[in-house]
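This briefing is intended for a reader who is new to the structure shown below. It begins with the chain as a whole and then turns to selected parts.

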Amino acid sequence: MRIGSLLVDGVRRYGLVDGDRIDLLAESDDVFEVLATADPGRASGARRLPWNETGSVAVPFPVASIRDFITFEQHTAGSLRAVTGTGEVPDAWYEAPAFYFTNPHAAIGSGTPVPVPPGCEVLDFELEVAVVIGRAGFNLSVDEAFDHVAGFTILNDWSARDLQSREMRVGLGPAKGKDTATTLGPVLVTPDALVDYERDGRYDLAMEVFVNDTRIGGDTLANMAWTFAELIAYASRGTWVQPGDVLGSGTCGGGCLAELWGWRGQLQPPPLRLGDTVTMTVEGIGTIHNTVVAGPPAHPIPPAVRRPISGPG
């Protein structure tokens, strides 16, 4: 099944996408319950509307949380070169799949304009695929984890590289550098629709990203260092994953500007500018696109009040 979403009379409605139409579910229907029953008949006799993923569509499911991993070795090496000057991947990267939490309230659909984050002058994108949890689970094993999957969607992790670089020097993960927008869509695709692409737990899906119709890069999703089941098992270690939790694959090789800057030693292609349109396509899922627009001003925040440091009393 393919789940999509539209704003209908100002209300977000979910439905089953079939070609160029969407059959709306009842407003009271829970998307994840529909997927759990695997009953496309839930939308039979429902209101049918035209569907066009090249237009503006809403996020195709309710978002509860977003964890974003980093699982492509090439991207990791290139991005480290951009920051540290060396592409040597640390041993800790191989020991466990690293991730950070980002803002679920900033999730947007394909076609929605993306404002430049306040104070940002080096805006970037990140081409990813996300797995979405459909059933709650606690401390799942790798063998148990995939039974909790609702489906897959494309994820664009919009990144203010200059803000991110400054704030991560404190020793924590990214904050305002990743806080303005995360695109999800255009649909949520259930695993059965991608079975022909599955290879030993990975998915051989071609991924490409374009800026203003110029191809920037791409990869196959099969190059993930961990499977999605392994990511879910790690995310749920000692805690819960819940319906609507999003787990990003991390940026694929060649899937962002920062990685290319690391390999090339210069800001080429240049950071995104006002009016640039970023388009991402993933085989078997679809295409998302967003255009960069002017954002709000950066209201000043004073520096910290410095206090004498005397050690423990």
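What percentage of the 313 residues of the chain count as buried? The share is 50%, where buried means under 20% relative accessible area, exposed means over 50%, and partly exposed lies in between (1.4 Å probe, protein chains only). This is a predicted model, in which local features need pLDDT of at least 70, side-chain atom pairs count only at pLDDT 80 or more, and totals for chains, interfaces and linings use all residues. Residues are numbered from 1 along each chain as its sequence is written, and side-chain values use heavy atoms, with hydrogens and water left out.

**The chain as a whole**

- The chain contains 7 helices and 22 strands; helices (H or I, at least four residues) and strands (E, at least two) are DSSP runs, numbered from the N terminus.
- The chain is as compact as a globular protein of its length, because its radius of gyration of 20 Å is close to the 20 Å that the globule rule gives for 313 residues. The radius is taken over C-alpha atoms, and the rule is 2.2 Å times the number of residues to the power 0.38.
- Along the principal axes, the C-alpha atoms fill a box of roughly 70 × 45 × 45 Å.
- Of the contacts between residues at least 6 apart in sequence, 74% join residues at least 24 apart; contact means heavy atoms within 4.5 Å.
- The accessible surface amounts to about 14900 Å², and 52% of this belongs to carbon and sulfur atoms. Such areas come from the Shrake-Rupley method with a 1.4 Å probe, and for residues only the protein chains shown count as cover.

- In helix 5 (residues 161-168), the buried residues are Arg-161, Leu-163, Gln-164 and Glu-167. They lie on the same side of helix 5, because they cover an arc of only 160° around the axis; the arc is that of the directions from the helix axis to the C-beta atoms.
- The cover over these buried residues of helix 5 includes strand 9 (123-124), strand 13 (159-160) and helix 7 (257-264).
- Helix 7 is mostly covered, with 6 of its 8 residues buried: Leu-257, Ala-258, Glu-259, Leu-260, Trp-261 and Gly-262.
- The buried residues of helix 7 pack against helix 2 (73-84), strand 9, helix 5 and strand 18 (214-220).

**Val-278 in strand 21**

- Val-278 belongs to strand 21 (residues 277-282) and is buried, with a relative accessible area of 1%.
- Beyond neighbours within four places in sequence, the residues in contact with Val-278 include Phe-125, Asn-156, Trp-158, Phe-210 and His-289.
- Asn-156 is 122 residues from Val-278 in sequence, yet their C-alpha atoms are 9.3 Å apart in space.

**Backbone features**

- Most residues other than glycine have a negative phi, and most peptide bonds are trans.
- A cis peptide bond, with omega about -5°, joins Gly-185 to Pro-186, and Pro-186 is in strand 14 (residues 182-189).
- The bond from Gln-268 to Pro-269 is also cis, with omega near -5°; Pro-269 sits in the loop between helix 7 and strand 21.
- Asp-9 has a positive phi, near 55°, in the loop between strand 1 (2-8) and strand 2 (11-18). This residue, Asp-9, is exposed, with a relative accessible area of 73%.
- Asp-213 has a positive phi, near 75°, in the loop between strand 17 (206-211) and strand 18. Asp-213 is exposed, with a relative accessible area of 75%.
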